[in-house]
Every structure is written in structure tokens, then in C-alpha cells.
Amino acid sequence: MARPISWIGQALLYGLFALIIGYFSSSPPYRHLPADQALIKLSFSHEGKLVSTCRQRTPEELAKLPPNMRAPMDCPRERSPVIVEIDLDGSPAYRKVATPSGLSKDGASTVYHRFPVQAGERRLAIRLNDDARVPGFNYRREEMVTLKPGKVLVIDFNQQRGGITLQ
Amino acid sequence: MVDAQTLGEALTRFEARRFVKPLDSIACGALIAYHRIEHGFDKAFGAALNPWCHLGALGFLFFWIIAVTGLYLYAVLDTSVDGAYRSIDWLSREQWYLGGVLRSVHRYAADAFVLVTLLHLLREFLLGRYTGFRHFSWLTGVPLLWFVYISGVVGIWLRWDLLAQFSAAATAEWLDALPVFATPLIRNYLSASAVSDRLFSLFVFVHIGVPLLLVFGLWFHIQRISRAEVFPPLALAAGSLLALLALSVALPVASQAAADLSLVPGPLAFDWFYLFWQPLMYATSAGAVWMLAAGATLLMLALPALPHAAAAPVAKVDPDNCNGCRRCFEDCPYAAITMVPHPGGSPGRQLAQVIPDLCASCGICAGSCPSSTPFRTGAELLTGIDMPHMPIGELRGALQRGLAQLAGKKGIVVFGCDQGANVAKLAGEDVASFSLICAGMLPPSFVEYALRGGAAGVLVTGCRAGGCAFRLGNRWTEERLAGMREPHLRAGPPGKAVRVAWADRGEEAELGVALEDLREALAAKPLHNADPIASPLAAPRRMTAHG
């Protein structure tokens, strides 16, 4: 093949290489959610209440223990699972029983869930229980929220800030 | 051009591999398609500069471009939540002529790096280069893919725009699918207040640290290859760099809007080279992508262990005929030969020793051995290092018989190799052809022996230039025939001609043209006495693409 034609061929192939790199480094565009949707993210990392309170050991129990381990109080480490429920516009949208982490189930319960929803005014009801000794739910929040298209609503739990938070 | 017959031959080769049958036909079809593409590039680049034959070296080139441009980017990067976006965006807006171009080259080189890496992997797979003596390079190459992706994906986060926000959150969700984190990583990206400056220090640490691991891994990857090509031919390197520069000027990389964790990003200018798996995750699930990634990795790691054809016998050293000259040690493409003290020799004398696990059974060592000369007078030709399944002595015997058949016919001896064009297909009563394991197995003295034994010309062939199945076979052959490497070709009798024509399997027609070319040259006029052996490196007139 004549050299000029070879050079033209090389230029075309280098151009094709650049075209492939240039195109796929930014195209085709990716849209994560349809334009009319918003995203609700539920996420918390929370330590539930202890499953039971401390109790006084009896003298007989203490006698059975080695002398260096005769603590008068028996305090269990296990924590309650955290139960969370979300209703959207009156319909159940999510329910999760988050078990505590750790071999002794004494760590935090964590939850992460995301669900895209249609943007607009939505009634949101969130219920949470972090104490196995309490029937039902000990935290509730119900609110009308306005979700603009593309908005991210984060549902979190922070005991210092009053429990269930929306941001 | 690869024809239907070649398809049949390729299928036969796959049969020999005894790989999973349904996959064989798919892989074989892909191999045929690949050969067509690779050979098509020869028309523009020539075989020696064909980028498909230098994918690994191109990967090194792009890596170093990334490293050098990255030094400048690191100098101006503000590793804080607010500063990261601002400092990178400033480069493109205010310093587009330097920082902006460097940023674009950095990014495009990173994309090119992942592209050539994947093509390199695919090519080696299609050519069956993952088993036997090549298993080490294959196994050490697979984990490098993870390093490439980790460093590349984290690099995208450093600009902290909407794409970075999306990618970081998607990666966190993907990692959270594994039950190993006490607190979900995604909590780092729930709101603007959750993202800290320390997180960006971690990004920088990973983006620089993982490439350092990559360099270390690459060093392992090429450990069992002598004279590894860690830089492509200059023309190819210059062309690739110019292409990246032109792209960077024509289409400079720019940040998208600054990250805003209270919003879901709208349409994103998406880097599909690195992030393709994130849309896939949302279309399926994090578990599915984990299954895909882990499954692909495990499959690639398991490939060398799957049943394959038995390996050919490795080279064998004959201490009585090895003088410790080190030529086989120098020429072995896979560093499979070491030199040890000769057990029966005088002090200082050495003996070649073959490491069986590393030996490719290519025979290049036999071609380099000074004892592999057919002019030796012994009834049995023994050499210092030889291939048990194709001894040099048998080659001499076959050559002697072939020369006897050519007597009085102005015949041509063709030396080819089992990996390249099939020399047995060359027609003509005036042709005696011999197929070696590799062209590099041919001791140059056999060429001279053929010419002095009555052949009018010798044609040497093997895999196309730059495409030797054993990496260095054609290079050593060319250098030996040109007198640039030992053992070299001595001047032969006047009026004879030697030609070299590289051609792959399936290119027998092109090789036939080269043979005809040689016939015509021999018939046209007697070669001048002052030029007893025509330049062996001169390409045949009608086969410029492969010469």
C-alpha cells in the first residue's frame, strides 16, 4: 500500500479510537430516575433498648460463680431489634425488623432502603419500635411532604433530635 | 485474509484444547472475527506497528500518561468537600490551556487504559494464552482489573460533581450489599453534612495508593517474560498520545454541576468505561452485579485449571554438547533457562538448565545453540539443547532427504513454523518445506546448509511481524539472518537467494505470492557474485504488508 494511503488509514483509525474514547466517556447520557419522580431514602443506625433490665442475683447464684465474678447485678447485653414501618398515602410501603449487630446482638441495628416515588404531595407515616418490652411502636411521625421532582427525602432516626427525622 | 479453511483449522486447534464444547464454537468464531480485524489493521499500520499486537504495551503507555498528568492535578487539587469541585473546575475554566488539557488527557488516558486492558484480556483469551507456561501471567493479570477499576472509579469522585455524587452513592450501596460493614457506607452520602473533608483525603489515598499497587502487580505480571514490552513502538506511542491530545483539545473534559446530595442527579454525562456496572445494578440488583463481578473473576482465575491438551515436552539440555555459551539463556522469551556450574567441566564452565514450569517448548533455544549446526560430521547430530519432540538431528535428516528430491530442479527450501502459515500447502515440485515449532528454532546454519546442499533459494517464514506466538521468534530469526545476532548466517555460495516473509495461519496464499516472487528472482538473472545472499530482510515485492 502506498505510504500516503497508509497514513490516511492510520489517521482514520486514530480518529476512530479517539471517537470511541470521547463518546463513551460521556455518552450516552444516563438518567437515574424519570423526571417526574423523587427519591425517599430510609436510613438509620440505632441501638435498640436492652431486651431486659438488670436484676439482682440471688445468694445461691452468686455462690456458684467464681469469687472474682460475683457481681450482684446481672445485666443482659442483648438489645431489642428495631422495627420500622412506612406508609405512603395510607398504604404500607415498607416494613423491616432490623436485628442488632454483633455475636451477642448488642450492637446497632441498621437499615437502608431507597424507594423512588411519584413527585408531589404525599402523606408519609413512619412508625418505629426500639424496645422489645413495649408493644406497638414507641416512635411515630406522620406528615404531609411535598416532594419536588428529583428531590431526595432522607428519613433518619436520632434520639437526641427527637427520634424520627426528615431532611 | 482468513478463509473458511482456516476456520476449520482453528476449530481443530480448539478441539485440541478440549475446552467446554459449546463455548468452543463461540470462542472460535470470535477468534476468526478477531483475526479479520487485526489483519485489517495491518493495511494501515503494517504488521510490526499493528496496535492489536501491542495492547499490553499501550496499557503501560496510558498508565504513565495518567501518572504524569496526575502529578499536576494532585498539585492543584484541594482535598476538601468545598474545594475539590472548585479546584478541579477552575482548571477547566481558568487554565484550560494547560490544566484543562492535562485534566482531559488524564481522563481520556484513563478511559483508553481500561479499553486496551480489556482488549488485551480478550485477545489473550481468544489466542488461548492462559494455560500452561502462560498461566502465571494470566493469573497475575486478572486481579489487576480490579485495581484498574478501583483507582478509576475513585478518581471520578475527586471532582465531586453530580456524576461523582451518583457514582459514590451507587458504589456505597453496592458495597453495603455485603454483610461486612457495621454501619452502612451509604450514610456517608445521605446529606451534605454527612460528607467530610476526611472522606476526600481517603479518596486521594485510594486514588494514588491503588495505582501504586497496580505498578507492583504489573511487575509481577511480566515477571516470567524476558524482554517484556513495557513501551509500545515510538510511532505507535506518538500516534496514541497525539490522538489523546487532539481529543482533549477538541472535546475538553468539564465538570458537571456541583454535587448536591438533596437532589437526584438528572441526565448525567456518563463515563461508561468505568461506571457501566452502576446502571446495571439499578436495573437488576447489587447482588446480581456482585455475582457477575465475582463470577467473572473466578471464571478467569479458573481458566488455566480447566482441562486442556497436554503440554509439549520441554527443552532438554545435553551436558556433553553444551559449552555454556549462554545464547539460549539470552534468547529464551520466557526466562526458562538458567546457567549453573557445569558438573563435569573446568572451573568457570557453565551449563544451561531448563526450568520446566516456565518452558514454552518453542525451540528458540535450540535455534540459538551453536552446536545446532548440520555441518557437524557426526552420524547423529546432537546439540546442546534440543526439543525431544522435534530434535535438530531429525531436522537435518529431513533436510537432507528434501535436498535430494530437489536435486537438479533449482529448488527452494521453505522453513516455516507450526504457528504461522502452513508451509505444507505451498505447491510445487521445486519446493521442500519444513515446519518447525517456531521460526526462532531455525539455526541459521541450516539455511547455509540448504544453499550449499543444492537449493537455489531459501524462504523463511513464521507468524506475522510482531505477532510471534512465542513473542521473539521472528525477531531473533531476522537478527540472526542479518548477522546482528549469534548464531548468525554466514555468507553462502554465490547466485543464491534467501527471503523472509512473515505470514499467519490462513495466509498461505500471500506466502505463495512470496514464494513466486522468489522463483521469479531466481529465474530472472543470476544474482551478482558480490551479493551472494540477497538481503534476507528485504520484503518480497508483492507482500509489503508482512515483510
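Predicted model: local features only at pLDDT ≥ 70, side-chain atom pairs only at ≥ 80, totals over all residues.

Author: Strands β9(A) and β10(A) pair in the antiparallel sense. Four bridges hold that pairing in the count. Strand β10 covers residues 163-166 of chain A. Within this pair, Asp156(A) stands opposite Thr165(A) of β10(A). The two strands form a hairpin, with four residues between them. There, Gly162(A) takes a positive phi near 95°.

Now the other partner. Strand β1, residues 37-46 of chain A, also pairs with β9(A). This pairing runs in the parallel sense, again over four bridges. Here Ile40(A) stands opposite Leu153(A), a residue of β9(A).

Next, burial. Strand β9 of chain A spans residues 152-158. Five of its seven residues are buried, so β9 is largely enclosed by the rest of the structure. A residue counts as buried if 20 or more other C-beta atoms lie within 10 Å of its own. Across chain A, 23% of the 167 residues count as buried.

Then the wider setting. Chain A has two helices and 10 strands. Their order along the sequence is α-β-β-α-β-β-β-β-β-β-β-β. The radius of gyration of chain A is 28 Å, well over the 15 Å from the globule rule for 167 residues, so the chain is more spread out than a compact globule. Its C-alpha atoms fill a box of roughly 105 × 50 × 25 Å along the principal axes. Take contacts in chain A between residues at least 6 apart in sequence: 61% of them join residues at least 24 apart.

Notes:
Residues numbered from 1 in each chain as written. Chains lettered and ligands numbered in written order. Rg over C-alpha atoms; globule rule 2.2 N^0.38 Å. Buried ≥ 20, exposed ≤ 12 C-beta atoms within 10 Å, placed from the backbone. Contact = placed C-beta atoms within 7 Å. Pairing = 2+ DSSP bridges.
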